[in-house]
Number of protein chains: 2
Amino acid sequence: MFLILTLSILFSIVAYYLTLRLLPNFTKIFIDAGLSGVDQCKPNPQPIPEATGVISSSICLITLFLFIPVPFLHHFSQEPQNFPNHELASLTSALLSICCMMLLGLADDVLNLRWRHKLVLPTVSALPLLVVYYVTYNNTTVIVPWPLRPILGHGISLGPLYYVYMGMMVVFCTNAINIYAGINGLEVGQSLVIAASILLFNLIELSGGCWQAHLFSFYILAPFLATSLALFHYNRYPARMFVGDTFCYFAGMTFSVVGILGHFSKTMMLFFLPQIFNFVFSLPQLFHLVPCPRHRLPRYSKEKDTVDMSLSIFKKQELSELGSLILRIFRTVGLVHVKEFSKDGEAYIECSNFTLIVLILKLFGPMHERTLTYSLILLQIASSCLAFFIRYGLVRIFYEV
Amino acid sequence: MFLILTLSILFSIVAYYLTLRLLPNFTKIFIDAGLSGVDQCKPNPQPIPEATGVISSSICLITLFLFIPVPFLHHFSQEPQNFPNHELASLTSALLSICCMMLLGLADDVLNLRWRHKLVLPTVSALPLLVVYYVTYNNTTVIVPWPLRPILGHGISLGPLYYVYMGMMVVFCTNAINIYAGINGLEVGQSLVIAASILLFNLIELSGGCWQAHLFSFYILAPFLATSLALFHYNRYPARMFVGDTFCYFAGMTFSVVGILGHFSKTMMLFFLPQIFNFVFSLPQLFHLVPCPRHRLPRYSKEKDTVDMSLSIFKKQELSELGSLILRIFRTVGLVHVKEFSKDGEAYIECSNFTLIVLILKLFGPMHERTLTYSLILLQIASSCLAFFIRYGLVRIFYEV
């Protein structure tokens with residue numbers, strides 16, 4: 001085990017320096033290929049390369065390719081019939097799902113696919129994972145917390161529903177990171193915190209009974225953390241590179257893979273608290289119950305070099321009854337800014353957009369983009385601490401240890 | 001076995017119709033994304049989408065994802081410890097190599113990577129395949145033909161050299177298809193003939209001792225043949241789509257994968273005779289021993305709507321001694337057209353380009369592009385017949401059966 005851990009860390013360090021060194025070489029290639037965008041929140045916008053996440057993810061993938069034999073080193077000297085082929089199959093299927101998601105992410109970055117593709121693509125990529133889970137492990141039993149056991153028994157076998165749950169988790173993870181984005185360094189920053197939290201959790205659990213699953217998760221996530229850290233170096237404020245959908249999909253799929261094959265998908269979701277909040281908070285706009293502008297990025301003020309909350313402005317009559325109710329509730333609990341006004345005799349409403357980023361700006365007022373990113377990353381760290389408290393504190397109350 | 005064959009054919013038929021139906025939907029998306037090119041050999045050149053091979057390959061990959069459980073259906077009712085996890089690992093690693101090659105092919109199409117990447121990328125993609133070959137099979141012994149056995153023995157274990165050989169085969173297969181291209185339908189056409197030949201070979205060998213390896217190859221290649229056939233529908237003369245490097249890489253990697261994991265890599269190379277000839281013939285220009293123009297496509301004559309051989313024109317003094325010798329030899333055996341002339345008092349040489357396409361045009365004169373493609377596909381079919389003769393006729397003389 002220590003050999004695997006050491007080698008994993010060693011591989012990751014090499015991957016970190018390689019990514020740090022190689023990324024700038026691709027700037028020109030990306031811009032020449034038309035894969036570039038302009039940062040709207042800068043005093044002097046310059047075109048910077050987009051979708052560079054594909055480079056860091058590729059380096060991570062190649063590192064993992066080279067790592068494939070390592071977990072099996074001590075088996076080479078043993079009898080071939082004792083070789084843990086099911087572990088090898090798990091590892092290759094995990095990499096297959098990740099690689100497929102990267103392929104589809106890159107296709108999305110290049111081709112600008114439609115919304116419905118964003119639901120179909122992760123499902124497709126998760127297929128090999130779910131199929132291999134089915135043929136190798138196929139444990140779909142969920143342990144019931146003790147207060148419910150008199151009704152439901154000790155465990156419920158969810159059967160096919162468990163696969164639906166895992167598929168939905170993959171769709172959620174990939175998209176949750178993608179929609180909680182838009183300011184320099186946030187996509188990578190949040191992924192770094194989540195990855196570090198899971199790694200810490202894995203390290204704690206290495207002394208437990210399921211250490212093999214946590215070791216597996218560790219050696220997948222270590223190079224992910226390393227290459228993403230190098231990417232963060234270029235993506236943090238002021239961004240010299242954008243990471244693209246490829247990175248968000250890649251990160252989401254990597255987390256799903258370790259959650260599913262490491263058998264800690266519920267704990268993993270605890271590390272996604274800000275993403276879950278942002279996703280639920282966004283739903284009224286995503287489903288167009290409240291009018292949703294094309295972009296919901298913070299608004300940049302060139303004079304003060306700060307960002308402020310962005311607004312959605314629409315005619316009052318456009319709002320449905322349900323939309324109006326949601327707006328009232330959200331206003332009451334202080335989640336959104338709402339102002340009514342009339343122009344040319346018509347009643348208008350302006351409300352702040354339904355994202356966590358804009359909520360922070362509503363609560364604390366305009367701030368520098370760098371401050372905003374680091375505040376959100378701090379929030380992510382705080383919620384990881386909460387997650388650990390829930391996992392090791394509260395859970396003991398409901399499940400015997 | 002018959003269930004697997006039937007399901008494989010059924011899946012492939014569905015994949016064929018799906019590809020045929022979906023491909024036109026992407027035309028606009030590709031052109032909007034700037035992935036389009038102009039066909040130089042047409043009277044009225046129009047921009048047509050490029051790199052559409054990524055769609056057909058993705059459908060093929062998804063079909064294979066869904067097919068993963070099929071070969072293991074009869075194991076589900078048996079004891080879990082008898083489950084052939086090593087076969088599952090082979091299948092997922094095969095798909096991983098193919099998927100990774102597609103990812104890198106798409107990256108190449110979008111980013112226009114450099115020449116050296118074209119050697120590195122296939123090697124990287126082949127890694128999971130070679131690693132899994134190493135941990136599961138690791139047979140590196142080559143059987144020696146009997147005339148050499150008194151010297152070399154019955155078999156030689158090549159050890160690491162065998163892995164170098166497999167890696168080189170992957171690099172060769174992916175690039176050989178890519179450089180034997182440039183006229184409508186040739187990339188896909190040649191791949192179809194090779195795939196059909198290997199499928200026929202697999203069907204013959206299904207009755208032999210290694211039927212499992214050939215069944216494996218069959219169910220990987222059947223959806224490949226189906227989706228490529230649908231792609232050919234749009235890529236044949238007059239092309240409404242270009243297939244891109246993605247397709248060439250994808251095809252080459254698929255062939256390598258079945259050759260390596262099906263343990264018939266030498267037989268497979270027999271189906272690549274035109275590609276091997278074209279590659280060796282191209283070497284003097286690829287290594288710049290003879291000056292190589294930027295493009296070596298046939299020259300289009302708008303008046304006659306035919307294509308003719310393209311020429312490389314250069315000053316005589318630019319040619320090295322070695323280049324001069326090669327040119328003399330090639331001219332003597334009739335492989336190239338060479339003419340010397342002088343302009344402004346300087347001696348110039350014009351020679352036809354060193355590709356199989358141009359050689360056909362030299363031998364048979366200018367012809368319509370459609371005729372040229374079908375001639376080359378016929379040549380591919382003829383050489384497959386020769387390959388079968390060598391495999392089942394000549395080989396018996398050197399190896400006892």
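With which residue does B:Asp32 form a salt bridge, and how far apart are the closest N and O atoms? The partner is B:Lys28, and the closest N and O atoms are 2.6 Å apart. The model under discussion is a predicted one. Over all chains, the structure holds 14 salt bridges.

- In chain A, a salt bridge joins the side chains of A:Asp32 and A:Lys28, with an N to O distance of 2.6 Å.
- A:Asp32 and A:Lys28 both belong to helix H2 (residues 27–32) of chain A, where they stand 4 residues apart, about one turn of the helix.
- A:Asp32 counts as exposed because its relative accessibility is 55%, and exposed means over 50%.
- A:Lys28 is likewise exposed, because its relative accessible area is 57%.

**A salt bridge between strands, and a network**

- B:Lys315 and B:Glu346 form a salt bridge in which the closest N and O atoms are 3.8 Å apart.
- B:Lys315 lies in strand E7 (residues 311–315) of chain B and B:Glu346 in strand E9 (residues 346–352) of chain B, so this pair ties together parts that are 31 residues apart in sequence.
- B:Lys315 has a relative accessibility of 28% and so counts as partly exposed.
- B:Glu346 also counts as partly exposed, because its relative accessibility is 29%.
- In chain A, the residues A:Asp39, A:Lys42 and A:Glu369 are joined into one network by salt bridges that share partners.

**Packing of two helices in chain A**

- Helix H4 (residues 85–111) and helix H10 (residues 244–261) of chain A pack with their axes 8 Å apart, at an angle of about 160°.
- Because of this angle, H4(A) is roughly antiparallel to H10(A); the description applies to angles over 145 degrees.
- The crossing that H4(A) and H10(A) make is right-handed.

- On the surface, A:Leu386, A:Phe389, A:Leu394, A:Ile397 and A:Phe398 form a nonpolar patch, and together they have about 470 Å² of accessible area.
- One of these residues, A:Leu386, is located in helix H15 (residues 369–398) of chain A.
- A:Leu386 counts as partly exposed because its relative accessibility is 43%.
- In chain B, B:Tyr17 is part of helix H1 (residues 2–22).
- B:Tyr17 is exposed, because its relative accessible area is 53%.
- The C-alpha atoms of B:Tyr17 and B:Thr227 are 8.3 Å apart, whereas the two residues are separated by 210 residues along the chain.

**Backbone features**

- Most peptide bonds are trans, and most residues other than glycine have a negative phi.
- The peptide bond from A:Tyr237 to A:Pro238 is cis, with omega near -10°.
- A:Pro238 is placed in the loop between helix H9 (211–235) and H10 of chain A.
- In chain B, the peptide bond from B:Tyr237 to B:Pro238 is cis, with omega near -15°.
- B:Pro238 is placed in the loop between helix H9 (211–235) and helix H10 (244–261) of chain B.
- A:Asp305, a residue other than glycine, has a positive phi near 55°.
- The position of A:Asp305 is in the loop between strand E5 (299–301) and strand E6 (306–308) of chain A.
- A:Asp305 is partly exposed, because its relative accessible area is 22%.
- B:Asp344 is not a glycine, yet its phi is positive, at about 50°.
- The loop between strand E8 (338–343) and E9 of chain B contains B:Asp344.
- B:Asp344 counts as exposed because its relative accessibility is 74%.

Key
Residues are numbered from 1 along each chain as its sequence is written. Chains are lettered from A and ligands numbered from 1 in the order in which they are written. This is a predicted model: local features need pLDDT of at least 70, side-chain atom pairs count only at pLDDT 80 or more; totals for chains, interfaces and linings use all residues. Side-chain values use heavy atoms; hydrogens and water are left out. Patches are made of residues with over 30% relative accessible area and no salt bridge: like charges are joined within 9 Å, nonpolar side chains (Val, Leu, Ile, Met, Phe, Trp, Tyr) within 5 Å. Accessible areas come from the Shrake-Rupley method with a 1.4 Å probe; for residues, only the protein chains shown count as cover. A salt bridge is a side-chain nitrogen of Lys or Arg within 4 Å of a carboxyl oxygen of Asp or Glu. Buried means under 20% relative accessible area, exposed over 50%, partly exposed in between (1.4 Å probe, protein chains only). Axes are lines fitted to C-alpha atoms, for helices over the stretch in contact, and angles run from 0 to 180 degrees between N-to-C directions. Angles under 35 degrees count as roughly parallel, over 145 as roughly antiparallel, 65 to 115 as roughly perpendicular and the rest as oblique. A crossing is left-handed if the near helix is turned anticlockwise from the far one by less than a right angle, and right-handed if clockwise.
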